Every structure is written in C-alpha cells, then in structure tokens.
Amino acid sequence: MKSLQIAATGMAAQQLRVDVISNNIANMSTAAYRPRTAEFSDLMYQQYLTPGTITSQVGTIVPAGIQLGTGVKPSTVSMEITQGSLRPTGSELDIAIDGTGFLEITLPSGESAYTRDGKLNRSSDGQIVSKDGFPLTDSITIPEDARSISISGDGEVVAYFESETAGQSIGNISLVRFVNEKGLEAMGDNMFRETEASGSPNRLVPATEGVGIIRQRYLEDSGVDVVQEISELIEAQRGYELNSKVITAADEMLAATTRVR
C-alpha cells in the first residue's frame, strides 16, 4: 500500500506552503517586500499499462492505460511581481520606485546588490546610503552646507543652499531592470543578488523605458495581501488535514488486513 507514502508527500507539501505563507505574513510590514508563492508538481508515475500499448495482432491499442502517481513535490517558491502601495513619509531621503526597477548599492566586498527599499540615509561623509549604510552605486554626496535636497522623478538630485535661490545638481539616481526578476537571489535585508537566471542588470534612467518613476518622500509598502494569505493558510490547513485522514484510513485498512484469518 503506497497511500501512506503518497499522503506523507502531500503533508510535507502543505507544510512547506504554510511556511511560505507564514513568511509572507511576517513581512506584511516590510518595505517593498514581494510575497512568495509555493508551487508544486506531481511526482513520477508507475506505468502498469502504458497508454497506446498494442494489445492484439490487429493493432488494438490501450486508450488510457494504468498510471499510478506517487505523490507531490515542491517545484518552485517564486516571487510575485507586484507593486506595493506608496505611503507618504515626509522624509526627503525616502524614495519609492513606481515601476519595475531596482536601486543598485555597493556592498563592502565591492559586489553589487539590488533593492527596492528606498529608505535612504546620509552617511557621516555626506554620501547617500541605504538603511544598512551601503552607498548607492551612483555615488552621490550631499554637500555639508546644503539645507535641503530634492529628487525628481527621473532621479536627478538637486541640493539647495542658504545663500542661493537656485538649486545645484549633485548627481543622478539610476535604476536597473532585469529580464527575469524572479531569478534574483534573495540575500535578506531587502537585498537581492543577480544570477544567471535573472540575467545581467540593465541600467536605465528613471522614467524611461518603463523602468519606473522615483517618488520622493514616499516608501513602497509590502505587497502582501493579508486577506489572501489567510485564505490560503486555511486552504493549506485543510489540505494537511485531508492528507492526514488518508494516512489514518490507510492505517485502518492495514490493521484490518492483519486481523484477517
């Protein structure tokens, strides 16, 4: 009886689904978080009678056959490409990306990382850095005597000084885009690393080629839909219970078999 093993794969699959849902709900307040979805595929089949098998000398073939599945397995946990809502913050270094682009930052190792978390800060030497202190690859430094800055939709950063009416451009924030965003490797701390699956980053000027517009004084909220996650949690819980009932039924059948004399 294979139903015990088959139901066990079903329970393991639903457990993984709950793990993914719980991570989504845990990140319901994480800036620019994109929810993940667990996807599954059926395991290999045992071919007792293959469809199309010839069963007579006159060429009669089996129309359907007998193929017994052996359960389910996880296939992917993919990132949903969704745009979170934009929340006004009032901070001049907060930016949100209204589109598909990513900010590029430079890690201490010299490696590039990519994020949509626009909670930026000013370092002790005036550089614009991420919330973890990593500088933007665009290397923009705010002068010490600047009284304020503005960031336009196309990424231009302009500093304003006490003694001047007009502002002075001090750099441009660029965005990068990937052919396959789902192929990015999550690093934690709202950062991603490029992989062969994601393709190479394509650096673009904001507000061009659909990469997205930069919105100053806004942050992107998490893309988690809590109501949808709870609905899926209930469904996963029911799926787990159903698989456990299959195990119970199989156990009772085996017990009945042992009582046969």
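Where is the place of methionine 28? In this predicted model, methionine 28 sits in the loop between H1 and strand E1 (36-42). The structure holds twelve salt bridges, several of which are described below.

- Apart from neighbours within four places in sequence, the contacts of methionine 28 are Ser222, Val224 and Val226.
- Methionine 28 and glutamine 5 are 23 residues apart along the chain, and their C-alpha atoms are separated by 35 Å.

**Helix H2**

- H2 consists of 34 residues and spans 50 Å from its first C-alpha to its last. This is close to the 50 Å expected at 1.5 Å a residue.
- The N-terminal end of H2 is capped by aspartate 225, which places a side-chain oxygen 3.2 Å from the backbone nitrogen of valine 227.
- Glu229, Ala236, Gly239, Asn243 and Ala250 are the buried residues of H2. H1 is included in what covers them.

**Arginine 17 in helix H1**

- Arginine 17 is located in helix H1 (residues 3-26).
- Its relative accessible area is 15%, and because buried means under 20%, arginine 17 counts as buried.
- The side chain of arginine 17 is in polar contact with the side chain of glutamate 235, at 2.8 Å.
- Not counting residues up to four places away in sequence, arginine 17 touches Ala38, Phe40, Glu232, Glu235 and Ala236. Among these, Ala236 is one of the buried residues of H2.

- Aspartate 221 and arginine 87 form a salt bridge through their side chains, with an N to O distance of 2.8 Å. The pair links distant parts of the chain, 134 residues apart: aspartate 221 is in the loop between strand E19 (218-220) and H2, and arginine 87 is in strand E5 (residues 86-88).
- Aspartate 221 is partly exposed, at 23% relative accessibility. Arginine 87 is also partly exposed, with a relative accessible area of 37%.
- Arginine 116 and glutamate 220 form a salt bridge between their side chains at 2.9 Å, N to O. This pair likewise links distant parts of the chain, 104 residues apart, with arginine 116 in the loop between strand E8 (112-115) and strand E9 (121-122) and glutamate 220 in strand E19.
- Arginine 116 and glutamate 220 are both buried.

**Further salt bridges**

- The side chains of glutamate 185 and arginine 193 meet at 3.0 Å, N to O, in a salt bridge.
- Glutamate 185 is partly exposed at a relative accessible area of 36%, and arginine 193 is partly exposed at 25%.
- A network of salt bridges links Glu104, Asp138 and Arg203.

Definitions and conventions
Residues numbered from 1 in each chain as written. Predicted model: local features only at pLDDT ≥ 70, side-chain atom pairs only at ≥ 80, totals over all residues. Heavy atoms only, no water. Salt bridge = Lys/Arg side-chain N within 4 Å of Asp/Glu carboxyl O. Helix = DSSP H or I, 4+ residues; strand = E, 2+ residues; numbered from the N terminus. Buried < 20%, exposed > 50% of the residue type's maximum accessible area, 1.4 Å probe, protein only. Polar contact = N/O pair within 3.5 Å; in protein donor to acceptor, adjacent residues only side chain to side chain. Contact = heavy atoms within 4.5 Å. Expected span 1.5 Å × (residues − 1).
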